[in-house]
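Please look through the sequence and the model below before reading on. The paragraphs that follow move from the surroundings of the ligand to the protein as a whole, and then to a set of annotated positions.

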Amino acid sequence: VYKSENIHRVLLKLSGEVLSGKKGIIYDETVIDSLTDAIITVHNQNYELGIVLGGGNIFRGGSWKNKNLNRVVLDSIGMLATIQNSLYMAEILISKGIDCAIFSTLAVDKVVDRYTPQLASSALEQGKVCFFSGGTGNPYFTTDTAAVLRAVELQADIVLKATNVDGLYSADPKKDKNAHFISSASFEECLQKRLGVMDLTAFSLAMDNTMPIKIFNISQPQMLIEALTNAETGTYIHP
Ligand code: UDP
């Protein structure tokens, strides 16, 4: 069972698409305004908050249409997109008076500090909202994997994965009338029932390191604090 009182250090994963809202532009200002407000609510309740942003609103090397191009280069473009997103979101938070730290696994001198677990831990302890950009720093990975990796390394209590659905269902609710909502599932059950939580690399990293995951709907950003404090909100994936 999900126990909110055991949660102090949180790793939030937001895909790039969340930042574009329904308009499909790189940044939807209205969405980012309410997202940053939601982040501030969490911050004000004294959670330590690390954020991994995807890059899909700008560029996704993994699913790029022209397969004749070098995947390693395409993935670098995707990783750079996550740095841009992190700089932008942090800048909005800073303009709202919130202390932030932005780290990158890739060296982009003068733009962002290099990630080290020591610097990241101390920034979290100081109550800064921390952005971990650049993904894992390696091609052929996803930001979901980066989120789990940072969570494990920094001993977060949970990975919160924001999506545009309420959580996991036994089947696709759009196609199957009997589909029911799953409020919690063990890693094993997810594998047995083929519930798609994250890509398999991210999922197995979480499973191997007993890092719980909560999947919730961010279409209404105020659900972020709900997902943290309310056991009933979202789907809880646990060891
Ligand atoms: N990427 C990568 N290594 C990583 C993380 C991301 O190469 O560790 C690249 C990859 O090209 C990916 C893109 O960055 O397609 C954007 O990341 P992702 O697709 O995870 O973003 P999201 O879908 O969450 O917006």
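In sorting residues by class, Ala, Val, Leu, Ile, Met, Phe, Trp, Tyr, Cys and Pro count as nonpolar, Asp, Glu, Lys and Arg as charged, and the others, Gly among them, as polar. On that basis, in this predicted model, the shell around the ligand holds six nonpolar, 13 polar and three charged residues. Of these 22 residues, G54, G56, G61, G78 and G135 come nearest to the ligand. Helix 1 (16-20), helix 3 (71-95) and helix 5 (143-153) each supply at least two residues of the shell, and the largest share, five residues, comes from helix 3.

The protein as a whole has eight helices and 11 strands. Its radius of gyration is 17 Å, which agrees with the value near 18 Å that a compact globule of 239 residues would have, and 43% of the residues count as buried.

In the UniProt record, an unreviewed entry, the annotation "binding site" covers G55, D75, T136, G137, N138, P139, Y140, F141, T142 and T143. Although these positions span 89 residues in sequence, no two of their C-alpha atoms are more than 14.1 Å apart, so they gather at one spot. One of them, D75, lies in helix 3 and counts as buried because it has 22 C-beta neighbours inside 10 Å. Leaving aside neighbours within four places in sequence, D75 is in contact with G61, G62, P139 and Y140. Y140, in turn, is found in the loop between strand 5 (129-133) and helix 5, and with 12 other C-beta atoms within 10 Å, Y140 is exposed.

How values were computed. Residues numbered from 1 in each chain as written. Predicted model: local features only at pLDDT ≥ 70, side-chain atom pairs only at ≥ 80, totals over all residues. Near = placed C-beta within 6 Å. Helix = DSSP H or I, 4+ residues; strand = E, 2+ residues; numbered from the N terminus. Rg over C-alpha atoms; globule rule 2.2 N^0.38 Å. Buried ≥ 20, exposed ≤ 12 C-beta atoms within 10 Å, placed from the backbone. UniProt positions renumbered as here; feature names shortened; annotations may be inferred. Contact = placed C-beta atoms within 7 Å.
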